[in-house]
Amino acid sequence: MKDIQRPTKPTFYLSIWRWHLYAGLIFAPFIFILAVTGAVYLFKPQIEQAMYHDYYYVEAANEKLPATNQIAGVLNKYPDAKVTSYTPGETSTRSAEVKISLNGESITIFVNPYTGESIGELNDRERLMDRIEEFHGELMSGTVGDRIVELAACWSIVLIVTGIYLWFPKQGTIWGVIIPRLTTGNKNIVRDLHAVPAFWISAGMLFLVITGLLWSGFWGNKIQHLATNAGVGYPPSIWVGSAPTSTIKTKDIADVPWNAQNLEVPLSTVRQGYIPVSIDEIVDIAKELDIHPSYSVIFPKKTEGVFTLSAFPPKARDEATIHIDQYTGAILADYRYINYKPIGKLMAWGITVHKGLEYGLPNQIISLLICLGIVGVVVSGFLLWWKRKPSGHFGAPKAQDLRKLKGLVLLTVIFGIIFPLVGVSLFIVFLIDWLVIQRSPKIKRYLNA
């Protein structure tokens, strides 16, 4: 970025610069929050292992008690509770988890699977990493927060694209392009500490943004439906027997991998005299199917409901979502990574990499560096603007006549179609410009509109 007072810059360049500046200042706080919370959440396994070590760790013994006995111990302690899920523990030294619903609260009871003893409990609302995840995904504000985060993520793509355009070298030099100039004055230092690191992390940031958007409530949900309708979602071969008639989606009853979220939930066969199979039989089925040991069993909520096995492990290739008839133990749907179409496999892989799980510690460290880089770029970008901003003026380049920028208008329309929330926000911006800014000489002068 060079001095904004120089009149030699072409109209297109100045327009890109103006949009980059405004988008950066408006969405920088949200991008900062996403980077910080994301950096912390990357290390969820290590943090929770340290925080809940006394709940997680048990001494291995000869043989674990049947799941029925473990759950019975919990219900003896909480007779009014309803069991909602059971996680057996993926290693010989890991406690089992029995999730219960009690007085409107969701509580996880940690059980020693060898003795049946309850060794601790956590109200799910008090799990730190869950709250960080909630803050990262929706600012702890439900649907409104989800839309704000999605909007910030979409505009961060705009910032990456416009930033690359502004950064693109006009001369054959590496200084100020891929290596910052640290000895040519404060003006160049601040500029280079914003532009050069931004270039280095741009690909990683774009990857994190796109894979994160897959979980967003609006764009991500639309992509899920598009994948299903285009035939790249779950195939008919996952159904054992007739297809389901339920309109309930799997994401409404269980925490499952992204590809399985819109999978319809089949119905159990309700017949006179039938009683539900035991949780022990469901655990045996999981062993027979060779499901990754990190799986959870989600209990049916209604008489026609199903048991759901959800394996959402570190590596995408081990994902599985299985629905089981609660009365017969019949497998109604078996959906695994091997069933995913190529795009689905790519998305599953991208999500586990996004969460820092796919490649273990190296994955976490690389993603952490990208997050820290984002924080640095946000801070340096603000300092760069503040340092160059004239007194009594916002510091943005002069607004250009859009009638002379048909290519830019077309790109804006295309981007607004791909990311609808961006389109809506642009419409609001133009509305504010027409109704407020253009009618106030003082505001118009300050914003250089």
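**A nonpolar patch, and some places beyond it**

Author: Happy to! Helix H13 (residues 420-435) supplies the largest share of the nonpolar patch, seven residues. Helices (H or I, at least four residues) and strands (E, at least two) are DSSP runs, numbered from the N terminus. This is a predicted model, in which local features need pLDDT of at least 70 and side-chain atom pairs count only at pLDDT 80 or more, while totals for chains, interfaces and linings use all residues. Residues are numbered from 1 along each chain as its sequence is written, and side-chain values use heavy atoms, leaving out hydrogens and water.

The patch covers about 820 Å² and is made by Val 424, Phe 427, Ile 428, Leu 431, Ile 432, Trp 434, Leu 435, Val 436 and Ile 443. Patch residues have over 30% relative accessible area and no salt bridge; like charges are joined within 9 Å, and nonpolar side chains (Val, Leu, Ile, Met, Phe, Trp, Tyr) within 5 Å. A salt bridge puts a side-chain nitrogen of Lys or Arg within 4 Å of a carboxyl oxygen of Asp or Glu. The areas come from the Shrake-Rupley method with a 1.4 Å probe, and for residues only the protein chains shown count as cover.

Ile 443 belongs to helix H14 (residues 441-446). Its relative accessible area is 34%, so Ile 443 is partly exposed. Buried means under 20%, exposed over 50%, and partly exposed in between (1.4 Å probe, protein chains only).

Now for strand E6 (residues 306-311), where six of six residues are buried. Val 306, Thr 308 and Ser 310 point one way, while Phe 307, Leu 309 and Ala 311 point the other. Strand E5 (residues 296-298) runs antiparallel to E6, joined to it by three bridges; pairing requires DSSP to find at least two bridges. Here Ile 298 is opposite Thr 308. E6 also pairs in the antiparallel sense with strand E7 (residues 320-325), over six bridges, with Phe 307 opposite Ile 324.

Most residues other than glycine have a negative phi. Leu 139, not a glycine, has a positive phi of about 55°. Leu 139 sits in the loop between helices H5 (128-138) and H6 (142-167), and its relative accessibility of 16% is why it counts as buried. Asp 290 also has a positive phi, near 55°, and lies in the loop between helix H9 (279-288) and E5. With a relative accessible area of 65%, Asp 290 is exposed.
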